[in-house]
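Student: Could you take me through the reading of a fold, beginning with the way its strands are paired?

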Amino acid sequence: MANNSVIKLIAGLGNPGTEYAGTRHNAGFTIIDRLVGNLPGEYTRYDKFSGEVFEGRFRGRTIRLLKPMTFMNLSGKSVGSLMRKLEIRADELLLIYDEVDLPLGRIRVRSGGGSAGHRGVESVINELGSNQFARLRVGISGDKSRQIDHVLGSFNPDEEVIFDKVVTSAVEASIACLARGVTFAMNRFNALDLAVEEESKEELKQSNKED
């Protein structure tokens, strides 16, 4: 895909239900919720395409934000139905989701690629018949031997501090994709390590106390 295709849909993956709210696997939902409040203008919410849709205008064009309500492994049903109905191409999608192979504190913007075993991403690829869409991967770390427990668990207090900064950066990266393209967002955000920045702040605080 072209790295600077115009993004018309941003979909964040997660599981519906209060029992999943705030879990690592719902990073995509968390970012969509924050993004709605940070985009300029008003966004209308409605339930359609087996998901929650937010529709508004960005720099003269209509964009949609989507939270599929199909549960993670069937996310493609929601994403695909919306894209077919509204004639949105694969290269006009930005998909946001959690990534256990990426450390907490890191995000990665990229164009195309496989699913790396993420069932939600697999579902989207299968439904679209294409992997040529942009992704914003959100690091949650993780031990593959207990992956299910990890992804469906909540962040501990120290992780929450880092994750809140990650959400802020992910929102900024999403807006950068909309405004200036995927390549710009990759160059601007992929090198950030918010966990290291937080550790440096804590070390500085401790040093000041000791002085």
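**Reading the sheet and its cores**

Tutor: Two strands are said to pair if DSSP finds at least two bridges between them, and here β2 and strand β3 (residues 51-58) pair in the antiparallel sense over five bridges. Within β3, Gly51 is the bridge partner of Lys48. Please keep in mind that this is a predicted model, in which local features need pLDDT of at least 70 and side-chain atom pairs count only at pLDDT 80 or more, while totals for chains, interfaces and linings use all residues. Residues are numbered from 1 along each chain as its sequence is written, and side-chain values use heavy atoms, with hydrogens and water left out.

Student: What is the order of the strands in the sheet?

Tutor: Helices (H or I, at least four residues) and strands (E, at least two) are DSSP runs, numbered from the N terminus; seven strands make an open sheet of mixed pairing, in the order β2-β3-β4-β1-β5-β7-β6. Because β2 (44-48) and β6 (107-111) stand at the edges with a single partner strand each, one side of each is left without a neighbour in the sheet. From one strand to the next, the twist averages 20°.

Student: Which strands does helix α1 lie across?

Tutor: A contact means heavy atoms within 4.5 Å, and axes are lines fitted to C-alpha atoms, for helices over the stretch in contact, with angles from 0 to 180 degrees between N-to-C directions. Helix α1 (residues 27-38) lies across β1 (9-12), β3, β4 (61-68), β5 (93-99) and β7 (134-139), and runs at about 145° to β4. Helix α5 lies across β1, β3, β4, β5, β6 and β7, running at about 25° to β6.

Student: Which residues touch the most other members of the largest nonpolar core?

Tutor: A nonpolar core is a set of buried Ala, Val, Leu, Ile, Met, Phe, Trp, Tyr and Cys residues joined through side-chain atoms within 4.5 Å, where buried means under 20% relative accessible area, exposed over 50% and partly exposed in between (1.4 Å probe, protein chains only). Of the 39 residues in the largest such core, Ile10 and Leu136 touch the most other members. Helix α5 (residues 157-180) gives the most to this core, with 10 residues. A second, separate core of 18 residues includes Leu66, Ile88, Tyr97 and Val121.

Student: How much of the chain counts as buried?

Tutor: Of its 211 residues, 51% count as buried, and among contacts between residues at least 6 apart in sequence, 70% join residues at least 24 apart.
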